[in-house]
Amino acid sequence: MSGRSERRAPLAVKIVVSGGLGVGKTTFIGAVSEIEPLDTEAAITQVSLGVDSLDGVEGKTTTTVALDFGRITLDASLALYLFGTPGQDRFSFLWDDLVEGAIGTIVLVDTRRIEDCFPALDYFEAQGTPFVLAVNRFDGAERFELAEIREALGVGDEVPVVECDARARASVRDVLGALMDQVIGVRTRGRRPVGV
């Protein structure tokens, strides 16, 4: 008997959460993280006028200026490390570093500003990283069928499109489960994801 514990640390995998400005990335990570999430929220100031469009999210007073980070342990063998990207195009130079080593991505969609998810969608398709689209249901926002959203974004049936409430832990866990299924499916099929 060695006296050493047979307990092993869970396998850590990296997940990226992306999408446009104000789509709910910080909220999504905060809802599910088992640790105090790291966020880099800063006040939106007059300096960003004319640079960052707040159309549709006029009540937003802060924004992520670097990254968000959180962690959730799924079971004794697997922990997800969640990295949120900033939503502004001017911070897209950070994405390459944030994505390095990620096994999958969640692209959040706000139907009030659906066009804001195109940069993330295009980027992750080009990267070949398995991803899911998660439509964040905002109170008072017009609702669309997921098939309509899929068609509007021009994504194939291979990409899961799910809805969520980024404020609700159970809903966020469901999205993470959909992503893990997608990652396993892509790896099992032994092919690169759509768009590559």
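**Group meeting: strands and salt bridges**

Okay, let's start with a pair of strands: β4, covering residues 68-75, runs antiparallel to β5, and the two are joined over seven bridges. Before I go on, keep in mind that this is a predicted model. Its mean pLDDT is 85, and 81% of the residues reach 70 or more.

Back to our pair. β4 and β5 make a hairpin, with two residues between them. If you want a spot to look at, find Thr73, which sits opposite Ala79 in β5.

Now, what does β5 do on the β1 side? There, β1, residues 11-19, pairs with β5 in the parallel sense, again over seven bridges. Look for Ile15 here, standing opposite Leu82 of β5. So how covered is β5, residues 78-84? Mostly covered: five of its seven residues are buried.

A quick word on confidence by element. Strand β3, at residues 62-64, has the lowest mean pLDDT of the elements, at 67. The highest belongs to strand β8, residues 161-164, with 97.

How many salt bridges does the structure hold? Eight. As a general point, oppositely charged side chains can pair when their charged atoms come close.

Take Glu163 first. Glu163 forms a salt bridge with Arg137, and their closest N and O atoms are 2.4 Å apart. This one ties together distant parts of the chain: Glu163 is in β8, while Arg137 is in the loop between β7 (131-136) and α4 (146-153), 26 residues apart. Are these two buried or exposed? Arg137 has a relative accessible area of 13%, under the 20% cut-off, so it counts as buried. Glu163, at 37%, is partly exposed.

Next, Asp116 and Arg113. They form a salt bridge as well, with the closest N and O atoms 2.6 Å apart. Arg113 is buried, at a relative accessible area of 5%.

One more and I'm done. The side chains of Asp165 and Arg167 meet in a salt bridge, at 2.9 Å from N to O. Asp165 is partly exposed, with 23% relative accessibility.

That's my tour. Thanks, everyone!

Key:
Residues are numbered from 1 along each chain as its sequence is written. This is a predicted model: local features need pLDDT of at least 70, side-chain atom pairs count only at pLDDT 80 or more; totals for chains, interfaces and linings use all residues. Side-chain values use heavy atoms; hydrogens and water are left out. Buried means under 20% relative accessible area, exposed over 50%, partly exposed in between (1.4 Å probe, protein chains only). Helices (H or I, at least four residues) and strands (E, at least two) are DSSP runs, numbered from the N terminus. Two strands pair if DSSP finds at least two bridges between them. pLDDT is the predictor's confidence in each residue, from 0 to 100. A salt bridge is a side-chain nitrogen of Lys or Arg within 4 Å of a carboxyl oxygen of Asp or Glu.
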